[in-house]
Amino acid sequence: MSVALGLTRPLVVRTTPVGDPGDLFAELPETAPYAWIRHGEGLVAWGEAARVTVPPGPRRFDWARDWLSTIFGEADVDDDVRTPGSGPVAFGSFTFDPDSRGSVLVVPQTILARRDGRAWLTTVGEERLDLVTPLRDPGRIRYGDGSLTAPEWEHAVARAVRRIRSGRLEKTVLARDLTATAERSIDVRLLLTRLARRYPDCYTFSCAGLIGATPELLVRRTGEMIESLVLAGTIPRGTGRADDMARGSALFASAKDRYEHTCAVESVREALSPLCSELKIPEEPELLMLPNVQHLASPVTGRLSAGASVLDVVAAMHPTAAVGGTPTEAALEVIRELEGMDRGGYAGPVGWIDARGDGEWGIALRCAQIDGPRARLFAGCGIMGDSDPASELAEAQAKLRAMQYALEG
């Protein structure tokens, strides 16, 4: 019998129903927690039964699928729940750039889940009895410039606008990073708790030190059915209800933002059409209002035609125009030329997959990479031919506030 890379014997997996656990984050030990939560439902996990670094390159999703097929296929599974997210589950984070190192898949040792009125516990191997300690505040936070200062980033936006106006491309997305240093080691559980409470409509996630609350669902697969939420076009929240309404109306009326959204929708349509026997995309976007910003949003649904797993759909969709640009290759060239940094997992796919091929994956936005007392925060903006550098900087700063709030409370 073959055994998956890094394992000496097949996994032994047991899933059993449990009573409602209440706050899922309250069950997490401090060490290396994993999470995918929205409106209090989803999965939290800890421990590592198996972990692999996915080799970079254009076929990295194929490599990941093959590794998962082996490790799940050889597992000894006793699953009394039999629902998406039960049985063996892998959490994953893929870098934005396929040539960057750092993509990872992890099968946690313990998974606690709640969904649609049901709750269950999955253990891989012997059950872990990890100590749950009180949440720790990181203390005072000091911020510093990331790869570019604010004026340098505005200059990069201006250069991108010139590239677009020259006809080289229609849109690109430029990201900005910000460093943060705390007095004490940052407790990821505290960040997750704060994000989930403030942004319940987002997907609060944790995987291999990448922590955030993304509003953008790349894909959810449940059997043959898939769902996605396309976000592109953003404006900061106002000072009150009337200001919010005025800003929302301005967002809908903005030719720049509407065209940016159209580019993102079409990139999703192009990626999903070959995989789906049915695909439904609304003709007009709706408004998604979050505590810090408003987005133009288009919910997409479809039916897979040939049993593709959620990871196959992720591979087809990434990078969408919402985080890359249009056309893709030209936009990626501009990103590599002007951003002056490696995004790592920012704007890459993050989520989970089970042995059935079901799962949920988002785009890693409103996030930070945590390493002890240090954090690297990220935000990005869609750049079009009529983008204004100062306005784009203000938008990036509004998006950074999500993780600044998580750090500061």
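These legends walk you through several close-up views of one predicted model.

Because the model is predicted, local features need pLDDT of at least 70 and side-chain atom pairs count only at pLDDT 80 or more, while totals for chains, interfaces and linings use all residues. Residues are numbered from 1 along each chain as its sequence is written, and side-chain values use heavy atoms, with hydrogens and water left out.

**View 1. The annotated domain spans residues 151-399.**
An unreviewed UniProt entry gives this stretch the annotation "domain: Chorismate-utilising enzyme C-terminal". UniProt positions follow the numbering used here, feature names are shortened, and annotations may be inferred rather than shown by experiment. Across residues 151-399 the chain is 35% helix and 36% strand, with the end C-alpha atoms 18 Å apart. Helices (H or I, at least four residues) and strands (E, at least two) are DSSP runs, numbered from the N terminus.

**View 2. Aspartate 244 sits in helix α4 (residues 241-253).**
Is aspartate 244 buried or exposed? It counts as buried, at 7% relative accessibility; buried means under 20% relative accessible area, exposed over 50%, and partly exposed in between (1.4 Å probe, protein chains only). The side chain of aspartate 244 makes a polar contact of 2.6 Å with the side chain of arginine 237. That side chain of aspartate 244 also reaches the backbone nitrogen of glycine 238, at 2.6 Å. A polar contact is a pair of N or O atoms within 3.5 Å; within protein, one must be able to donate a hydrogen and the other to accept it, and residues adjacent in sequence count only if both atoms are side-chain atoms. Setting aside neighbours within four places in sequence, aspartate 244 is in contact (heavy atoms within 4.5 Å) with Arg237, Gly238, Met289 and Gln294.

**View 3. The largest cavity has a volume of about 170 Å³.**
On a 1 Å grid over the protein atoms alone, a cavity is a set of points where a 1.4 Å probe fits but cannot get out, and lining residues have an atom within 4 Å of a point. Grid points are joined across faces, edges and corners, and a volume is the space filled by probe spheres set on the points. By this rule there are two cavities of 30 Å³ or more. The lining of the largest cavity has 19 residues, and Leu231, Ala322, Leu365, Gly380 and Lys399 lie nearest its centre. Strands β15 (225-236) and β23 (374-383) each supply at least two lining residues, and β15 gives the most, with four. By class, this lining has nine nonpolar, five polar and five charged residues. Here Ala, Val, Leu, Ile, Met, Phe, Trp, Tyr, Cys and Pro count as nonpolar, Asp, Glu, Lys and Arg as charged, and the others, Gly among them, as polar.

**View 4. The second largest cavity has a volume of about 30 Å³.**
Look for Ser147, Leu148, Trp153, Ala175, Arg176, Asp177, Glu339 and Met341, which line this cavity. Strand β11 (residues 171-182) provides the largest share of the lining, three residues. Four of the lining residues are nonpolar, one is polar and three are charged.

**View 5. Helix α3 (residues 188-198) is largely enclosed by the rest of the structure.**
Nine of the 11 residues of α3 are buried, including Val188, Leu191 and Arg194. Among the elements covering the buried residues are β2 (34-38), β12 (203-207), β13 (210-214), β22 (367-371) and α8 (389-408).

**View 6. Serine 103 lies in the loop between β6 (89-93) and β7 (104-107).**
Serine 103 is buried, with a relative accessible area of 1%. Which residue's side chain joins that of serine 103 in a polar contact of 3.2 Å? The partner is arginine 60. Valine 54 is 49 residues away along the chain, but its C-alpha atom is separated from that of serine 103 by 5.3 Å.

Proline 327 belongs to the loop between β19 and α7 (328-338).

**View 7. Aspartate 116 and arginine 366 have positive phi values.**
Aspartate 116, in the loop between β8 (110-115) and β9 (118-124), has phi near 50° and is exposed, with a relative accessible area of 63%. Arginine 366, in the loop between β21 (359-363) and β22, has phi near 45° and counts as buried at 7% relative accessibility.

Key. On a 1 Å grid over the protein atoms alone, a cavity is a set of points where a 1.4 Å probe fits but cannot get out, and a pocket is an open set with protein on both sides within 12 Å along at least five of seven lines; lining residues have an atom within 4 Å of a point.
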